[in-house]
Amino acid sequence: MYTRYGPFAYGSTLQSMNTVPAPTSAQRLALLVEDDEVIRDCVAAWLEDLGWTVTAMGTAEEALAAVCVSAYAIAVIDVKLQGAYDGVWLAGQLQVQAPQVSVVFATGIDDLPGGATLRANVRGYLVKPYTRR
């Protein structure tokens, strides 16, 4: 039960993120975990344009610490993160420590590990490169 966002003609679109999940305005907190600063800033701006309040992090460790202090509705996580832990590891940690967080993986089409989307908290994935529609 997950949704695949993309590939579209020119990559993935974040337009669908406005409805997955459908939180109330008080719950529109999004955690963005992306190690590429340019992509992180771009995706954060897109999510903010869609009405999300975004906390952006560069590593899985930073993201896990952030989840301890804020109640996020979604986490958009790059699968291949720099550092000791990758996005799949982080999704597993979130499933245990913050099961209310719905995960959307951000990935290149060929780098999503088998079974990664079978986790209960993974709602779908965005395929890079992104385009804004």
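**Helix α2 and the cores**

In helix α2, which spans residues 60-67, the buried residues are Ala60, Ala63, Leu64, Ala66 and Val67; buried means under 20% relative accessible area, exposed over 50% and partly exposed in between, with a 1.4 Å probe and protein chains only. Viewed down the axis of α2, these buried residues fall within an arc of 160 degrees, so they line one face of the helix; the arc is taken from the directions from the helix axis to the C-beta atoms. Helices (H or I, at least four residues) and strands (E, at least two) are DSSP runs, numbered from the N terminus.

The model is predicted: local features need pLDDT of at least 70, side-chain atom pairs count only at pLDDT 80 or more, and totals for chains, interfaces and linings use all residues. Residues are numbered from 1 along each chain as its sequence is written, and side-chain values use heavy atoms, with hydrogens and water left out.

What covers the buried residues of α2 includes β3 (29-33), β4 (53-57) and α3 (87-97), where contact means heavy atoms within 4.5 Å.

The largest nonpolar core has 24 residues, and among those touching the most other members are Leu31, Ile77, Leu94 and Phe105. Such a core is a set of buried Ala, Val, Leu, Ile, Met, Phe, Trp, Tyr and Cys residues joined through side-chain atoms within 4.5 Å. Helix α2 supplies the largest share of this core, five residues. Apart from it lies another core, of 16 residues, including Trp52 and Leu126.
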